[in-house]
Amino acid sequence: MSHSITTMPDWGYLTTELVSYLQADAMAVTLAGMHTIEHEYNAQYIARHYQYQLPLGKLQLLELTLYLPYDTESVDIEAVRMTAVKSALTWYKSLSTQNEANASIGYEAMIFDIQLVGGSSSLNQDDNDDSANPSNIANSALQRLKHNFGVRYFLEDLVVDMSESMQQLQVFSWDDWYSIAAAVRTPCELWRFLAYHLEQLQQSAVNHIPSFESEDALVERFLQSPDLFAPAIVVDNALIKNEVQDKPNSALVAITLAYKNQSSTAQMYHQHMIQAATIWSQLSMQMIDTYGKKHVANNEEQTETPLAHWQRQLLDESLFSRHELIRTLYRHPKQSAALQKDGYVVHQHSYESLGRHYVLVFYSQESKGPNSKAAVQPKLAKIAQDVATRLPIIELHHVVVLGIDFITENNENFFDIDLWIQPVDAMTQRERQLTKQMQKLKQQEMNKQNTPPASSVEDSKPAKAQKEKLPQVQMSLTIPARKDKQ
């Protein structure tokens, strides 16, 4: 193992997003065998256990940080690392046994961080000495050790049981974990990568042949596979089956084919999705943060539902789903002058969850028109309720309405966005059938009268929407609209 030092790169937004999914405060963990390491190698460690409820299941994460003197020999570092991993595996096995009765779909992972400490002759002082407190380590010079595990480590160095009969603790170095987070970008893709990673570990154990050389290589393979879009295709087919759309999403078809054929455009699509994921993350967190600050500033009482719940509704989107939402936003400057002047509505569906539907209302440029911001903004809740009533999808659980004002200032373009999130009771099969029949009858009546469908939402009463008070957020999003290429 090399004695190289890692630097702090830009990890993106996923690690910040994960905070919204925490189920409880981190729990300090005592690992058997680590006391011996502290004594023999003049070391200290901190272990914390986190539980996240991600969109697709539970993620249990153990963070283990080991502090060693800077002059520790490489052979000693390797010995300590192996002992620490064995201690973590023992703890995990005990935890799994205790929770066997309450087992649920989930993954378990460990982030192992080794930091070399300089500026102190001893880390392991007397228990009564304040310098023994790990929080005081921050007063010393710290350098993070760059190290890796990979599949070979568990096949050749530390042989463990990778049988398919039980979930295994997936062990990552600090550097690899955050590199993976920066690559996958979203909670949905992180979950699927952990499934893919575990499958590769188990396959390697069965074949006794490493199926990947490094975590970076594996995550790159994962992100280049057309299987990345399988969940979106499932949603797309369901939308067609439910008659929400009449044909497959052309962008989804094009991107999937590009990945399948490994064409030159696949990398371009990937970059577009990465950019969109970042922008959507910024947008989502700013909107909810603005709502929270508004309540604090006005001394308003918070709703019973925590802000993290609303934030998750926006962050529970895959790379492709975020791509489609951001693409809809940035398509606005290319719309006809008449559409931009009069305002218009675009329906967009989540390609991660069939039960989440988006309505993007682009306000008209006429300040006093019927579709202006002043006229439409107070009706966002009614729009959400109307869509919840009319949309014939049994799985529907949330309608998200975005009121969008496109602003140009000093040759820069900005979006001013209002948000309304409406939870919806799921339809029964009978209610869905009745809704579709009512829609057909209303359309037939309109055809007889030779009049276009009403654009107003006030004629529809919300039969399915819940009565819970919901957040409405007004914000100025300081993310410039994409300029046309020169």
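1. Glutamate 17 and arginine 322 form a salt bridge through their side chains, with an N to O distance of 2.9 Å. Glutamate 17 belongs to helix α1 (residues 14-17) and arginine 322 to helix α12, so the pair ties together parts of the chain that are 305 residues apart in sequence. Glutamate 17 and arginine 322 are both buried. Note that this is a predicted model, and the distances here should be read as computed from that model.

2. The structure holds 12 salt bridges. Another of them pairs glutamate 352 with arginine 192, whose side chains meet at 2.8 Å, N to O. This pair, too, links distant parts of the chain: glutamate 352 sits in the loop between β7 (344-349) and β8 (356-362), while arginine 192 is in helix α6, 160 residues apart. Glutamate 352 has a relative accessibility of 13% and therefore counts as buried. Arginine 192 is also buried, because its relative accessible area is 19% and the cut-off for buried is under 20%. The pair is part of a network: salt bridges that share partners join Glu189, Arg192 and Glu352.

3. Which residue forms a salt bridge with arginine 152? The partner is glutamate 213, and the closest N and O atoms are 3.3 Å apart. Arginine 152 lies in helix α4 (residues 150-157) and glutamate 213 in the loop between α6 (187-207) and α7 (215-223); the two are 61 residues apart, and the pair links distant parts of the chain. Is glutamate 213 buried or exposed? At 56% relative accessibility, glutamate 213 counts as exposed, since the term applies over 50%. Arginine 152, at 37%, counts as partly exposed.

4. Helix α12, which carries arginine 322, also packs against another helix. The axes of α9 (residues 250-261) and α12 (residues 319-330) come within 11 Å and cross at roughly 130°. That angle makes α9 oblique to α12, because angles over 145 degrees would be needed for roughly antiparallel and 65 to 115 for roughly perpendicular. The crossing of α9 past α12 is right-handed.

5. What makes the contact between α9 and α12? On the α9 side the residues are Ala251, Leu252 and Ile255. On the α12 side they are Phe320, His323, Glu324 and Arg327. By type, the residues of this contact divide into four nonpolar, one polar and two charged.

6. Aspartate 342 is found in helix α13, which covers residues 337-342. Its relative accessible area is 44%, so aspartate 342 is partly exposed. Leaving aside residues up to four places away in sequence, aspartate 342 touches Ser364 and Asn371. Serine 372 is 30 residues from aspartate 342 in sequence, and the C-alpha to C-alpha distance between the two is 8.1 Å.

7. Some totals for the protein as a whole. The secondary structure comes to 16 helices and 11 strands. There are 486 residues, of which 50% count as buried. Among contacts between residues at least 6 apart in sequence, 74% join residues at least 24 apart.

Methods:
Residues are numbered from 1 along each chain as its sequence is written. This is a predicted model: local features need pLDDT of at least 70, side-chain atom pairs count only at pLDDT 80 or more; totals for chains, interfaces and linings use all residues. Side-chain values use heavy atoms; hydrogens and water are left out. Axes are lines fitted to C-alpha atoms, for helices over the stretch in contact, and angles run from 0 to 180 degrees between N-to-C directions. Helices (H or I, at least four residues) and strands (E, at least two) are DSSP runs, numbered from the N terminus. Angles under 35 degrees count as roughly parallel, over 145 as roughly antiparallel, 65 to 115 as roughly perpendicular and the rest as oblique. A crossing is left-handed if the near helix is turned anticlockwise from the far one by less than a right angle, and right-handed if clockwise. Contact means heavy atoms within 4.5 Å. Ala, Val, Leu, Ile, Met, Phe, Trp, Tyr, Cys and Pro count as nonpolar, Asp, Glu, Lys and Arg as charged, and the others, Gly among them, as polar. Buried means under 20% relative accessible area, exposed over 50%, partly exposed in between (1.4 Å probe, protein chains only). A salt bridge is a side-chain nitrogen of Lys or Arg within 4 Å of a carboxyl oxygen of Asp or Glu.
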